[in-house]
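Please read the following briefing alongside the sequence and the coordinates.

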Amino acid sequence: MRRALVLLFLLAGPAAAQTLDAIAEQAAQPGWRARWAAVRALAAKAGGEELFKIRPMLLRDERAGVRAAIAWAAVLEPEIANATLLGLALRKDKQASVRFAAAYALVHHRDRRAVEALIAALETESDRRVRLRCVETLRTLTPAPCLLEAADWRAWWAKHRDDARFKPADEAPRRGEYEGLVLETRTVAAVPSKKTKRGPPPHVLVLPPFGFTRAIYGGYLQPLQQSANLTYVTLPSVQSLTGRSGYGTDVPIYPVDRLVRALDRYRATMKIESFLVLAPGASGWIAMRYAQLFPDRVQALLLLDTALDKKAYAEGLMRAARKGDRGEKFTADTLMHRNNVPFNAATLDRLQALRLERGFLDRGDFEIGRLYAHARDPQGFATVPEIRWGKRARLDVPALFVYSGAGAFAGHRDMMRITKHFPQAMVTPLAGARGMPYVETNEKLFEIVAAFLAKNGLE
């Protein structure tokens, strides 16, 4: 079977409505594509007279979908709302999706009102995702260390509220050439909570979904910062790594071994003795190959929805083609060349739309559109060299395999083969996830990760 893994896709959204009333009606619709089109249409109104009609709607419109759309529009176009309006929405709106978007939009407002609003919200917020977003926005607005609790932020702010040097506290993106490849990385330091051990924190090498940067992916991994330093790697695109388009008949083999050697050269350059490696989906094949080539430099693998090898991948595709939902069936048939769909940008658009729609339990979640908006780099298609396991091959590296249990691609059915090749493996399905456990079941996911790290002495 010719096998191609979809690495990243593009966005081609529907046309936006023109009048404000029509846009508001569109924003209240249940279909997320229509709702995201309304968000973009609202953002386009920022420079017009209707801006002054839009702002009050953020607080007063009785339709939660409209309020959420305006908050997300403020992410795209800061002029939609100021820090005061967003702060009120963040603290008082009864809808968590509106509060989440308001917390995200405050990243544009580097003033004391924004910081005060975020800290006040953190003191009373019960929704896990909103809390994570508040912390991530505070990290961007202020030069504070990575504080996690509201009381710590309040104490820090009491000392620094008159400091005008609001700037990101993380390491700036680093670009370097390793084994002939240019890698962009960004490191976020650990801030252990009072419950964690006071030893040197482990170092996690994060290989995000292809095309996702730390800016889009980092918030979802924020709980891991309580126990580890995180280094995010922006994985090179198909085009930059192979010099080929990744479309039509020009589908190259992604040079995994070359990338793995570059990653290990980065590790040596940074004088890091060993990594934990975290990777989702196709990125997990890179992580496993790293462990095969350099087992003494991998403390553990944290793999999300990653097939063990070609056999597991093929079985997952066949299962999805037979029993999957609409998106899973289309994806499987496309990758197995059963539906005569060409490998072009339009197909990537459709695959991405189906994948993201499948990956969220709340189909009206504007976070889908946010992921679309930030995952812009065209990646194309590529095949990936097979991960080979001999009959007796085994890696004595602790490995956590987490699968979205509600999806047809779920690989926990291959548990016996996983534990055969990874004697120290822990295999866990997440019943509430269909393809994005770091978004859909974030709190449960990191409870599992914390238990795995504790079991292996990697806290």
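In this predicted model the count of salt bridges comes to 24, where a salt bridge is a side-chain nitrogen of Lys or Arg within 4 Å of a carboxyl oxygen of Asp or Glu. Because the model is predicted, local features need pLDDT of at least 70 and side-chain atom pairs count only at pLDDT 80 or more, while totals for chains, interfaces and linings use all residues. Residues are numbered from 1 along each chain as its sequence is written, and side-chain values use heavy atoms, with hydrogens and water left out.

**Salt bridges**

- Glutamate 179 and arginine 265 are joined through their side chains by a salt bridge, with an N to O distance of 3.3 Å. Since glutamate 179 sits in the loop between strand E2 (174-178) and strand E3 (181-188), and arginine 265 in helix H12 (residues 256-269), the pair ties together parts that are 86 residues apart in sequence; helices (H or I, at least four residues) and strands (E, at least two) are DSSP runs, numbered from the N terminus.
- Glutamate 179 counts as partly exposed at 42% relative accessibility, and arginine 265 counts as partly exposed at 41%; here buried means under 20% relative accessible area, exposed means over 50%, and partly exposed lies in between (1.4 Å probe, protein chains only).
- A salt bridge also brings together the side chains of arginine 434 and aspartate 325, at 3.1 Å from N to O. This pair links distant parts of the chain, 109 residues apart, with arginine 434 in the loop between strand E10 (425-430) and helix H19 (437-440) and aspartate 325 in the loop between helix H14 (310-323) and helix H15 (326-335).
- Aspartate 325 has 24% relative accessibility and counts as partly exposed.
- Between aspartate 414 and arginine 417 there is a salt bridge whose closest N and O atoms are 2.8 Å apart, and aspartate 414 is buried, its relative accessible area being 12%.

**Overall form**

- The protein chain contains 20 helices and 10 strands. Its radius of gyration, taken over C-alpha atoms, is 22 Å, close to the 23 Å that the globule rule gives for 459 residues, so the chain is as compact as a globular protein of that length; the globule rule is 2.2 Å times the number of residues to the power 0.38.
- Along the principal axes, the C-alpha trace of the protein chain spans about 65 × 55 × 40 Å.
- Of the 459 residues in the protein chain, 57% are buried.

**Surface charge**

- A patch of positive charge on the surface gathers Lys311, Lys391, Arg392 and Lys420. Patches are made of residues with over 30% relative accessible area and no salt bridge, with like charges joined within 9 Å and nonpolar side chains (Val, Leu, Ile, Met, Phe, Trp, Tyr) within 5 Å.
- In this scheme Lys and Arg count as positive and Asp and Glu as negative, whereas His and the chain ends are not counted; the place of a charge is taken as NZ of Lys, CZ of Arg, CG of Asp or CD of Glu.
- Accessible areas come from the Shrake-Rupley method with a 1.4 Å probe, and for residues only the protein chains shown count as cover.
- Lysine 420 belongs to helix H18 (residues 415-421), and at 48% relative accessibility lysine 420 counts as partly exposed.

**Positive phi in loops**

- Aspartate 305, in the loop between strand E7 (298-304) and H14, has a phi near 55 degrees, which is a positive value in a residue other than glycine. The relative accessible area of aspartate 305 is 25%, and the residue is partly exposed.
- Histidine 337 likewise has a positive phi, near 60 degrees, in a residue other than glycine. Histidine 337 is placed in the loop between H15 and helix H16 (345-358) and, at 37% relative accessibility, counts as partly exposed.

**Sequence separation and distance in space**

- Tyrosine 178 is part of strand E2 and is buried, with a relative accessible area of 7%. Although tyrosine 178 and alanine 262 are 84 residues apart in sequence, their C-alpha atoms are 4.9 Å apart in space.
- Glycine 407 occupies the loop between strand E9 (399-404) and H18 and is buried, with a relative accessible area of 6%.
- From C-alpha to C-alpha, glycine 407 and isoleucine 272 are separated by 37 Å, at 135 residues apart along the chain.
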